Amino acid sequence: MLLHLFWNLIAFVLALSILITVHEYGHFVAARLLKVKVERFSIGFGPVLWSWRDSNDTEYVISAVLFGGYVKLFNTQKKIASCNEERNQSFDCKRIWKKSVIVVSGPMFNFLFSIVLYALVFMIGVPIYKPIIHSVIPNSIVAQSHVPSGVEIKSINNILTRDWDAVRLEILNSIGKEKIIISATPINSTHIQTYTINLSRNWFNKSTNNNDPIITLGILPFNTHVSPILSGIQPDSAAQRAGLKIGDKIISIDDQLIHNWESFITIIKNNPEKTFKIIVERKNKILNFSLTPDKKYLIPSDKAEGVIGVFPKITCIPKKHHTIHQYRLYPAILEACKKTWKLICLTTNTLFKLVTGDIRITHLSGPIAIAQGAGASAQSGVIYYLMFLSLISINLGIINLLPFPTLDGGHLFFFIIEKIKGKSISKETQSFGYIIGSIILTFMMCLAIFNDISRLW
């Protein structure tokens, strides 16, 4: 457990350090090109661990606390300029368009870094998993539209979907819409069948069990096929107290046959502290058990759900359903640009839907979830870690463009107002904006951490 936490922390700190360095380097490069003096380039905050000063009198610093960084620009509002040359190197003395370029260069470098990473990934080779439906969850949204299992999804809303990532992206883009059009073909067939999936406005918000829109719709992919066979049992759990063991196959619960894991665990979650009659198969023998799920309260809704402390068996995806897509340099760059643009659109669209309520704020993730993602992707291999870095880099760039005064977008917002008014914004107004922005960002961060902790419990 401790080793797992340590691995997540190392992967998270490494990712954060790389992305912050790239972001601040964007500000640094733009400032140098526009003849603004850079006093300090710092990775991290707090006590200085290492420093070096170049011929331009810029100090490069690595500090003890790596959760951040900054570029300190020369500013005559904070220091008295001794000559015209120093005033010409001051950030505040530059024209608005130059200051705007310097501010926006940080997020732009995050986007460029994403393109570089994805280009590298596409040249190395990307694992592609065909979007073949293994099974459909009974009574789910997709089941109501009679989508069969064993078919390959070819497109969603007329957008080609060659893998599960593309399917997931298009489903997320459809949140808030009234329907989804799925085109699918049986395996090894060219006959295309179209299915119309009718959606309620808050269909994605109704799922409290996972954030995967594919499973929320009721689709179980081949690469996430989960069998109703126990692969792990937590100590002192309801399952252990009932006498269940690793390797047991769940046959039925209260005389209801179980065909997949999702239907079994749904019954458990919806009935805390209710005693069930469980029939399992163990070493070719049929055994009966009484199982009473423990009660667990969901935060912050205070809704109770049942838990029994078990892990299912996950079946590996058949080799015939996946391949490796590899590109040469120029096609890889083109694919990387397309992928980065799609993720930028998806992220901004998701932020908008958080505001409109189409996506609940409980889906907001914080540093704990990011650390878990960093650790999991690093364990999966270099390719997955690079794709994780690219995704977080895009998120970092977009978040910094939000019009909060403490972020790059806030500075850009002030510059726009300054251009419209024809004069600088007063220090009092800026200070008030910084306070409000800090309060909002602190609240959002606390909420994200709260969501992370709630998922852990």
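Modeller: Contact here means heavy atoms within 4.5 Å. The model is a predicted one, and the helix I take is α3, residues 96-124.

I begin with α11, which spans residues 382-400. The axes of α3 and α11 come within 8 Å and cross at roughly 160°. Angles over 145 degrees count as roughly antiparallel, and α3 and α11 are therefore roughly antiparallel to each other. Their crossing is left-handed. On the α3 side the contact is made by Pro107, Asn110, Phe111, Phe113, Ser114, Leu117, Tyr118, Leu120, Val121 and Ile124. Facing them in α11 are Ile383, Leu386, Met387, Leu389, Ser390, Ser393, Ile394, Leu396, Gly397, Ile398 and Asn400. By class, this contact of α3 with α11 holds 15 nonpolar and six polar residues, with no charged ones.

The next partner is α12, residues 408-421. Here the axes of α3 and α12 come within 9 Å, again with a crossing of roughly 160°. The two helices α3 and α12 are therefore roughly antiparallel as well, and α3 passes α12 in a left-handed crossing. From α3, the residues involved are Ile96, Lys99, Ser100, Val103 and Pro107. They meet Asp408, His411, Leu412, Phe415, Glu418 and Lys419 in α12. The contact of α3 with α12 divides into five nonpolar, two polar and four charged residues. Pro107 is listed in the contact with α12 and also in the contact with α11.

The remaining partner I cover is α9, residues 329-356. Its axis lies 8 Å from that of α3, and the two pack at an angle of about 130°. The pair α3 and α9 is therefore oblique. The crossing of α3 and α9 is right-handed, whereas that of α3 and α11 is left-handed. The α3 residues in this contact are Phe111, Ser114, Ile115, Tyr118, Ala119, Phe122 and Met123. Across from them, α9 contributes Leu329, Ala332, Ile333, Glu335, Ala336, Cys337, Lys339, Thr340, Leu343 and Ile344. By class there are 13 nonpolar, two polar and two charged residues in the contact of α3 with α9. Phe111, Ser114 and Tyr118 of α3 meet α9 and also meet α11.

Helices α1 (2-33) and α11 each supply at least two of the lining residues, and α1 gives the most, with four. By class, the lining has seven nonpolar residues, no polar and no charged.

Charged residues number four in the contact with α12 and two in the contact with α9, while the contact with α11 has no charged residues.

Definitions and conventions:
Residues numbered from 1 in each chain as written. Predicted model: local features only at pLDDT ≥ 70, side-chain atom pairs only at ≥ 80, totals over all residues. Heavy atoms only, no water. Axes fitted to C-alpha atoms, helices over the stretch in contact; angles between N-to-C directions. Parallel < 35°, antiparallel > 145°, perpendicular 65-115°, else oblique. Left-handed = near helix turned anticlockwise from the far one by under 90°. Nonpolar A, V, L, I, M, F, W, Y, C, P; charged D, E, K, R; others polar.
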